[in-house]
Each structure stands twice: as C-alpha cells, then as structure tokens.
Amino acid sequence: FSPIILLFRIFKNKEDKKRFIEKFSFRTKVKKNGNLIWFHGASVGEILSVIPLIKKYEKDKSVKQILITSSTLSSSSILQKFKFKKTIHQFYPIDHFICIEKFLNYWKPKVAMFVDSEIWPCMFKKLENKNIPLILLNARITPKSYKRWMKIKKFSYSVFNKISFAFPQNQETKYFLKKLKTKNINYLGNLKYSENYDENLSKINKKLKKQFNKKKIWVASSTHATEEIFCINAHLILKKKIKNLITIIIPRHIHRVKEIISEIEKLNYNVVSHTSKKTNLKNVDFYIVDSFGETKKFHEMACSVFLGGSIINRGGQNPLEAARLGAKILHGPNVNNFVDVYKLLKTLNASKKIDSSKDLASSINFKKNKKIGKKIKQIGKNILKKTIKQLDIIIHHEIKKA
C-alpha cells in the first residue's frame, strides 16, 4: 500500500514532489569513496538530537561521508539550515526488501544508527545479513508500544535481537529493551539534553527583535488543534493586565496556520505571520510562526513557554530546548512521552502543570532563569561526552576492520 499512501501524501503536499523517489531507493545524492556512517531519525526532534554527534563526526578524518535519512519534509527543511561539508540527506526508503537491498548495496554504511523509536523489521534483517552493526541510539519505547510488541513476542524478539547496541534514553526503555531480548544495553541518558546550537537556527531579524523587546512576550510551542484556542483564551485573560502583550504561537503542523489565523480574526484580534516578514508589531496581539526550523529563535526570547501535545492526549512535546534557554515550562496533564524529563524539571522548579486557560495566564512570567538553563546544559554535555565515547569505540572498530 505504500506507493498509494505516498501518492496521497504528495497530493496533500506532505512529500517532496521531486525527491519522493528516494523513498523507493532512487538516490538524488552521490556516495563518495571511503567510509560512510549513517544516522536515521523519523523527524525533526530525532534529527536535532543527533546534530552534536554529526558535528563531531564532520571533524573526524576517518569518516569520509555522513548520511542522514528521515521520513518528513520538515526534517529535510531543517537540515538545509546547517552548513555541513560531508553530510547529506536522503529520505528513508520503504521497508520492503527490494528497496532496502537497493539502498544498502549503494550506500554501504559502516555503521547504522537509528534514533529514538525507529524499529524497521526488514531493514534490521538486511543489516544483520550484511554484517553492518546496528545501534539504537537514544532509544525510546513507550508502555503502549511495548504492549503492542509483546502481543507478537516471537516476532518481536527476532527483531530486537538484531540490534547490536542499544543506548536507551530512560530507565523505562532500558527495562522494556531487556524484556524484548535486546543485547548490549547501556543507559547513557537522553541526548535531547545536549545543545544543538547553530547560528542559523537562532538568528532573528534585528528590526523584528527590537520590536519584540518593546513587548511582553510568551510562547505557545508545538501546539495541536484545540490547544491554540486554549492559549488564545489565556492571552485574553492576561491582556486585561498587560496591554503590550504578544503571544507567539508555533503550531506543530504549519499547514494549520490559516485555520489558526481565522480563529483569531473571528475574535477581532490582530495577527501577523512570520513569513509575512512584517517588522512593525504595533497593536499586534498574536504572532504565528509558519515556517520550519524557527522555534529556537523564539524560545531564546521567551521567559515562559507552553509546550503543546499536553492538553490533548498526545503525550507532550520535548520541553528541553526552551528549558535549556532558561524559560519556565508550562504544560498540560498529558506528558507521558517525557516522564523522566518533566520529573527533573519539576525538581528544579522549572516547570508547572496547568489545567485551564486561567491557570496558564496566571503562571506566565517574564523573567528568565539562567541558572536552571546552565544546569540542563551541563547535564547535556555529560550525556553527549559519554555517548561519543561509546560510539567512537564502535565506529572506529568497524573502520579499522575495513
């Protein structure tokens, strides 16, 4: 069914109309002679979490080329903002033996590193057949997906047994991996704590920044349908006290921007989109970020950030970037995807659970907590150091073998 699904996604503008052929293993980039290592992550969050590793191996002379694969348009767009010299991006192929065989025969990676919860049975089998070490990096398995895997135990054991090394991002995943008969499990911590700083991701137009500096701002980040209304209501409550308030909304899916703007305009409030490039924010109430890879610019300015996917039952979105920048994190009750992270943020007094728009409005403050930001950055540095040490052993062993 994959070709039919892909055609439907192309029609919906969810696929690259030229590069979708990469999903059938028709390459659009060229492999260089020499050692290639491969990172694969589903989308933006997974790819950003390995950017510090990619930067490290960009400087490693024994690595000739780095291949990154992902499945979404947004992740491809974000990667274009990084100025890498030997790193290339391709879309991940369909998990069918013909596509997989063609893909591996061309790229011939020395090591394959799959990020987060990317489990692909056909690919895993082919990697084992070709003696290519498979690393499950920053691995995450939720209780829900664990229960699903355990319904087909024998098959699941055969899939997870093909993982050469697993580095879980939390203790819960470590436990699930053991139960699924995974070999060589080593808990190092969550790579998402480490900083993926890049000037191209944090520079903001000087005129625009000057305008924002005159205002009181807060950010509603990675919001889903209905959560914007929740945040709009918080803005209306807060506006009664703070006249020069701007609420910045960064929707999880930018194709929903028109619908969000329409909701705001129905209430007769002024709204500006980021791509309009307007720098005069006089009388503006809402600023909508409608382009990929811009989140960090606004997290850097904000003192309070509400993280979406937490009012609706989506398990929450990653709060670490905003927390690392010293922002107070506000979230709804549904944060199952980041239980360990929120546990730490709570002990640092850096986050707060909110249940209503009124609660959200009263919890927003306009002062950064740089001390907490530094603590989180240090945790990230330690995790990154341990991860690089382990990967170096595996990667350099495979390169020397050749």
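Against which elements do the buried residues of α16 pack? The model is predicted, so local features need pLDDT of at least 70 and side-chain atom pairs count only at pLDDT 80 or more, whereas totals for chains, interfaces and linings use all residues. Residues are numbered from 1 along each chain as its sequence is written, and side-chain values use heavy atoms, without hydrogens and water.

**View 1. Helix α16 and its buried side.** Helix α16 spans residues 339-347, with V341, Y342 and L345 buried (under 20% relative accessible area, exposed being over 50% and partly exposed in between, with a 1.4 Å probe and protein chains only). These residues lie on the same side of α16 because they cover an arc of only 90° around the axis, taken from the directions from the helix axis to the C-beta atoms. The buried residues pack against β11 (304-307), α15 (320-324), β12 (328-331), β13 (351-353) and α18 (370-401); contact means heavy atoms within 4.5 Å. Helices (H or I, at least four residues) and strands (E, at least two) are DSSP runs, numbered from the N terminus. Exposed K343, K346 and T347 are carried by the face turned away from the buried side.

**View 2. Surroundings of H89.** H89 is in strand β3 (residues 87-91) and counts as buried because its relative accessibility is 7%. Its side chain makes polar contacts with the side chains of R19 (2.8 Å) and S70 (2.7 Å). A polar contact is a pair of N or O atoms within 3.5 Å; within protein, one must be able to donate a hydrogen and the other to accept it, and residues adjacent in sequence count only if both atoms are side-chain atoms.
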